Amino acid sequence: MQTNGNTTIIIGHRGAAGEAPENTLGSFGLAVEQGAEALELDIHESADGALIVCHDASVDRTTNGQGLISQMTQEELQQLDAGSWFSPHFAGEKLPVLEEVFALIPHNILINIEVKCAYSSRLEQRLLELLQQFDRLHNVIVSSFDHKILVRLKQAEPVLKIGLLYVANFQNHRKMAEATGVEVYSLHPQYRLLEAEDVQDAIQNGLYVYPYTINDEEDLRKALDAGVSGIITDYPGRLKALRDTR
Ligand code: G3P
Ligand code: CA
């Protein structure tokens, strides 16, 4: 599905974060049910080297616990409730480890893993091991605002798809991709800085364009009109309804 053809793919942001507790298995399952063809998620490294799926560096906002992920073990982290803060309906959701997402989500769903934490060789090693173990090397995009992390990963595993996240003006996209010195698969711009002609220029130059995070109907329509390769949204169902009735 992630072609540069006419179809704009639906990428569920932290799953279906508008309707379920972000970055939980429940949220990922709901996004797929709603028609997402891809999922975006964030990872941090725990004190004992597990890849914990969570947006923030601390567990304070999205669980009933407190503390930094980097200072807690997987066992400690997985005892926390990551669903009740959103709604009692989701009580008992856990902070997943990446392998739990891989085990749950079918292989036809593209997974966009955003590396949130500072570069760590242990994280790189663990991520590449899991991608191999779960046969996900070919249907994952690893993205980060820290492009050096992506370059290191790409050099270690040349088949890996890497995506540049950025807030800067989209017009500099080609220079930015070239500056990495490695093959870049996709661009993940902040959607407010997006111009349709730049999108087409990037796509014609072999780059996929996946803007984040678009939720409003008018903004979704604008991005669809611009012909982006995919849209990262908290509301996969809303985007599907709009896209499929055009
Ligand atoms: O990957 C796109 C988007 O998720 C980046 O911003 O803060 O939601 O991780 P953030
Ligand atoms: Ca993210």
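Student: Is Gly83 buried or exposed, and how many other C-beta atoms lie within 10 Å?

Tutor: Gly83 is buried, because 23 other C-beta atoms lie within 10 Å; a residue is called buried if 20 or more other C-beta atoms lie within 10 Å of its own, exposed if 12 or fewer, and partly exposed in between, with C-beta atoms placed from the backbone. This is a predicted model, in which local features need pLDDT of at least 70, side-chain atom pairs count only at pLDDT 80 or more, and totals for chains, interfaces and linings use all residues. Residues are numbered from 1 along each chain as its sequence is written, while chains are lettered from A and ligands numbered from 1 in the order in which they are written.

Gly83 belongs to the loop between α2 (74-77) and α3 (98-104); helices (H or I, at least four residues) and strands (E, at least two) are DSSP runs, numbered from the N terminus. Leaving aside residues up to four places away in sequence, Gly83 touches Pro21, Thr24, Gly26, Phe90, Ala91, Gly92 and Glu93, contact being C-beta atoms, placed from the backbone, within 7 Å. Between the C-alpha atoms of Gly83 and Val159, 76 residues apart along the chain, the separation is 35 Å.

As for confidence, the protein chain has a mean pLDDT of 95, and 96% of its residues reach 70 or more; pLDDT is the predictor's confidence in each residue, from 0 to 100. Among the elements of the protein chain, β1 has the highest mean pLDDT (99) and helix α6 (residues 173-179) the lowest (87). The model scores are ipTM 0.99 and pTM 0.97.

How values were computed. Contact = placed C-beta atoms within 7 Å.
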